[in-house]
Structure formats: structure tokens, C-alpha cells
Amino acid sequence: MATTARPYEPSPGRSPVTLARARQALHAGTAVVLPNDAPLTHVVTATRARTVNEAKGRPPDQPVALWAHHPDTLAALDQIWDLAPATADTARRLLAAERLTVLVPLRHPASVPPWLTPAAKDGWTLLFGARPHPLSPLLDEHPVLYVSSANRTGHPPAATTADALRMFPPGVAVLEPPDPEPAPASPGPPRRATTTVRLHPDGRLQLHRPGAQDQHAPGPDDYLRHLRERYPAVHG
């Protein structure tokens with residue numbers, strides 16, 4: 001029988017935290033909800049995958065994404081993912097420039113390092129790429145972070161800080177946007193979680209999950225065609 005998610009209740013008097021407080025929370029090992037640039041939704045992150053899952057109210061061992069934001073982490077991935085140099089370069093650009101979430105193949109699935117294990121499943125690893133510039137001082141302190149969309153199980157990802165404050169329990173810090181975006185002259189596209197693509201060892205690109213980046217494309221093939229035209233190392 002299908003179930004309907006119960007509405008989440010606001011926490012009375014709850015307020016977002018400053019960047020300094022979010023930094024303290026991450027260093028203390030607790031989960032933090034962070035904003036994203038439009039049209040992306042918020043994310044929840046922590047230094048342990050288990051903490052991310054607990055904040056979302058789901059099983060602690062459920063796979064999460066690795067936040068591929070730090071140069072040291074990206075350098076380590078070069079020795080782990082099963083991608084040719086040109087395709088690996090494209091993977092970095094899909095993460096950083098397109099802000100996509102990318103599934104990449106593992107070269108040796110049976111010997112994944114412990115820091116990557118929470119983001120690995122069935123020979124693939126899930127990498128998250130969006131990196132809002134105002135958050136750089138916070139993110140740069142943590143080469144390894146785990147991340148997922150900012151939602152409790154059964155609810156859509158938080159599109160605003162107010163959404164996140166209503167959705168998450170008080171033990172999860174919700175960051176006040178350090179550099180709020182100016183109000184648009186007209187409504188923009190709805191905020192959604194990132195589009196996820198799968199990048200195969202031979203450079204073949206597939207749409208794994210639709211999201212913010214492909215929402216205006218007429219169809220999945222049209223969005224993939226756009227990426228293939230922009231990045232010659234990938235193909236259909």
C-alpha cells in the first residue's frame with residue numbers, strides 16, 4: 001500500500017546559524033544544511049555518512065554522495081575511478097562547471113578506500129559537484145564530506161532556509177545564506193535537486209535522474225545532446 005509522507009512541523013523559535021556556527025557544527029561531527037545557488041535545492045552534509053543519513057531519517061548505512069569539492073579529493077579519485085584522462089577531465093568539468101551529480105565507474109570495486117566506501121555501490125561511486133563560492137571557506141576545511149539532498153525521507157528537498165528549518169530537527173544546523181541572492185525581477189525556474197548523470201568508462205553518458213539542470217530540456221536526449229556538444233569526450 002502506498003504511504004503518504006506526514007507533514008513536518010516547524011520548531012518554535014528556530015533560527016538559522018551563522019557561517020562560524022556551521023563551521024563549529026561540522027568540526028563537531030554534526031550535520032549541517034547548506035544553501036545552493038538557484039535553481040538547486042539545499043543539501044545536508046557531514047564528515048560521516050552515517051550522520052547525513054540520520055539527519056534525513058533513513059538507514060545509517062544507506063549510500064550517500066561524496067562531495068567532490070576539494071583538490072586533494074579529486075587527485076585521489078584519479079587513482080580510483082575507471083576513466084581515461086580525457087573522460088576524467090570531463091568528469092571534473094561536469095561536477096564543477098555544470099554542478100551535476102555524477103556516477104563514475106570504479107577501477108577496483110573490491111578495494112575501495114574507507115573514505116569512499118559510503119559513496120560506492122555495485123562498482124560505481126556517486127559524486128556531488130555544486131560548490132557555492134560563499135561556502136568555500138567552510139568546505140575547504142574538509143577534504144572529505146558526504147552529502148545528500150536536504151530532505152527528510154518522504155519529503156521534497158528544501159528549496160529555502162525556511163523549508164529546512166521546518167523539516168529538520170533542532171540538532172541539525174541550518175546555515176543562513178552568507179551571501180543571499182537578490183530577489184529576481186520575475187520568478188525563475190523551480191528549485192530542484194541536481195541532475196544526475198552516469199559516465200561510463202568508454203565516455204558514454206546517460207541520464208540517471210532528472211533534476212534542476214535538465215528541467216527546461218524538451219526531453220532527456222536533448223539535454224544529453226547539449227552536454228555531448230559541449231564536452232567532446234563524452235558520447236551516446
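Reader: Which residue in S9 is the bridge partner of Thr-101?
Author: The partner of Thr-101 there is Thr-196. Strands such as S4 (101-105) and S9 (196-199) are DSSP runs of E with at least two residues, helices are runs of H or I with at least four, and both are numbered from the N terminus. Two strands pair if DSSP finds at least two bridges between them.

Reader: Before we go on, what kind of model is this?
Author: This is a predicted model, where local features need pLDDT of at least 70 and side-chain atom pairs count only at pLDDT 80 or more, while totals for chains, interfaces and linings use all residues. Residues are numbered from 1 along each chain as its sequence is written, and side-chain values use heavy atoms, with hydrogens and water left out.

Reader: Thanks! In which sense do S4 and S9 pair, parallel or antiparallel?
Author: Parallel, over three bridges. Leu-103 also has a bridge partner in S9, namely Arg-198.

Reader: And what does Leu-103 stand opposite in S6?
Author: That would be Leu-126. S4 and S6 run antiparallel and are joined by five bridges.

Reader: How many residues of S4 are buried?
Author: Five of its five, where buried means under 20% relative accessible area, exposed over 50% and partly exposed in between, with a 1.4 Å probe and protein chains only. Thr-101, Leu-103 and Pro-105 sit on one side, Val-102 and Val-104 on the other, and both faces are covered. In a regular strand the side chains alternate between the two faces of the sheet.

Reader: Back to S9, which way do its residues point?
Author: Thr-196 and Arg-198 point one way, Val-197 and Leu-199 the other, and all are buried.

Reader: New topic: what is the volume of the largest pocket?
Author: About 570 Å³. On a 1 Å grid over the protein atoms alone, a pocket is an open set of points with protein on both sides within 12 Å along at least five of seven lines, and lining residues have an atom within 4 Å of a point. Grid points are joined across faces, edges and corners, and the volume is the space filled by probe spheres set on the points.

Reader: Which residues lie nearest its centre?
Author: Pro-63, Val-64, Ala-65, Leu-126 and Arg-209, out of 29 lining residues. S6 gives the most to the lining, with four residues.

Reader: One more, why is helix H2 described as largely enclosed?
Author: Because six of the eight residues of H2 (residues 49-56) are buried, the rest of the structure largely encloses it. Among the buried ones are Val-52 and Asn-53. After H2 comes Gly-57, with a positive phi near 75°.

Reader: And His-133, buried or exposed?
Author: His-133 counts as exposed, because its relative accessibility is 67%. Its place is in the loop between S6 and helix H5 (136-139).

How values were computed. On a 1 Å grid over the protein atoms alone, a cavity is a set of points where a 1.4 Å probe fits but cannot get out, and a pocket is an open set with protein on both sides within 12 Å along at least five of seven lines; lining residues have an atom within 4 Å of a point.
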